[in-house]
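Have the sequence and the 3D view ready, and follow along.

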Amino acid sequence: MARKRLERTAIRPVKERVEDELIRLPGVTGVDINEKVTDGRPTGKLAIVVYVEEKKPKSKLSKEEMIPAEIDGIPTDVQVEKVVLHAAFGAIADIEPLIDTTKYPKIHGGISMGPCRSVFLEPPDVPSPGNYIFAGTLGAIVRDRSTGATMALTNFHVACVDDGWSAGDTMAQPSRLDGGSCPTDRFGVLTRATLSVNVDGAVVTVDSGKTTECSIEQIGAVRGQAVATQGMAVRKRGRTTELTFGSVDSLDATVSIDYGDGLGVHVLKKQIRITPDQAHNARFSDHGDSGSVVVNGDNKVVGLLFAGTNSGSATYANPIKAALDELNVDLCVKPRVVLTVPVICGGVVTKPVICVQTKPQVCSIVTKKVICEVLTAPVVCKIHTLACPKVTLACPPVSLACPFDPGGRFRTHESESPDPADATYGRPGESIDDAFWLGYYTALEALAEAEQAEQE
């Protein structure tokens, strides 16, 4: 893997220098750095890969249309792959899909959404001319960096569809294609969108009165953002194929996609290419999954899914940082609630420390539990009369502050003198296991109270 990274670093500037010329050639759908395939078998060698709609014999190509065998000493490869947007419209789908048409009480990531307006389409994209309704996926809840407003993140081509969009267009959950209706199932209005060389994105301001959650269906709480890396294991949850698994195949993909009448062909660069984990699913995405966010194993978002191949061999996603920056939003992150070891000292079981992980932290007493809050530097805090260790990247295991008996002695009878200097981890007549389990159950109760309070 390290060697391949070095090879990619060497190939990248050459690929970026020639990709504009290559992508303009007739029938070319993409340019990437990937493994060269010969006679249907991977060679293990990296090359500048040119994807085409179909391979043609050399006799059918002009000299200008020919892909050279190598460029600046770097081998090339020509592979067949057509990339299409992964929104759904009408009742069209390439395969028999799994479709989530649920109307959810809370607006969150991984669920069906679509515009209330319909769009007039003509062949060859559709069987017959007429008005069609569209569906995609709401990727994640985000916050406007300027106003703090709660918004939903998705793709440009999901929320805007064509050049007839405008700010204020209403959105439904589920989409009209999935049984939703307008205005009954309206959840928000289109606020802004971008279709650039790096991003296909849009944000929808969620209506006041609608409940939102910083999570993704079947995946859980969003824990922030991260940069995709070569070979990274990823997941996504979309309206059509639901929860799927894959891995990052490339970070250098350039793709050419037809966005339809009024928008035409757009080229997106530095895209994330994802291949499916065949042990779990045959394909990573399909029509209707556009707008899904792609996450790593820590539930950190790395990409915004927008396209894929007809065959299902690959999926493409915008790097999430580029999408968030162009749309001027931040991910809504659900703090990680951590229960540390309960304090059991001197025959008293105190409430455990409950904290929300952030960055630099400080503990302060709030009712019966301790909450970690953001500060610029770690400090020392006190829980009742017991000093906590300094807080760094996580709340301290406060049981370390308990004064242990160096001789390993425990008071086992009520008649023994409770010398404060000889405090022990346990109550009179109680074994250390009894004390631990008492504290453990006390901690579970406190955690349940904290989670309930957070939900309310």
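## Buried or exposed

Buried means under 20% relative accessible area, exposed means over 50%, and partly exposed lies in between. This cut-off is applied here to a predicted model.

## Two disulfides

How many disulfides does the structure hold? It holds two. Each is described below.

## C116 and C182

C116 and C182 are joined by a disulfide, with an S to S distance of 1.9 Å. This pair links distant parts of the chain, 66 residues apart. C116 sits in the loop between β8 (111-115) and β9 (119-121). C182 sits in the loop between β14 (170-172) and β15 (186-195). The torsion about the S-S bond is about -80°, so this disulfide is left-handed.

Are these two cysteines buried or exposed? C116 has a relative accessible area of 12%, so C116 is buried. C182 has a relative accessible area of 33%, so C182 is partly exposed.

## C214 and C332

A disulfide also forms between C214 and C332, whose sulfur atoms are 1.7 Å apart. Where do these cysteines lie? C214 is in strand β17 (residues 212-216), while C332 is in the loop between β25 (329-331) and β26 (336-339). The pair therefore ties together parts that are 118 residues apart in sequence.

Both C214 and C332 are buried.

Technical notes. Residues are numbered from 1 along each chain as its sequence is written. This is a predicted model: local features need pLDDT of at least 70, side-chain atom pairs count only at pLDDT 80 or more; totals for chains, interfaces and linings use all residues. Side-chain values use heavy atoms; hydrogens and water are left out. A disulfide is a pair of cysteine sulfur atoms within 2.5 Å. Helices (H or I, at least four residues) and strands (E, at least two) are DSSP runs, numbered from the N terminus. Buried means under 20% relative accessible area, exposed over 50%, partly exposed in between (1.4 Å probe, protein chains only).
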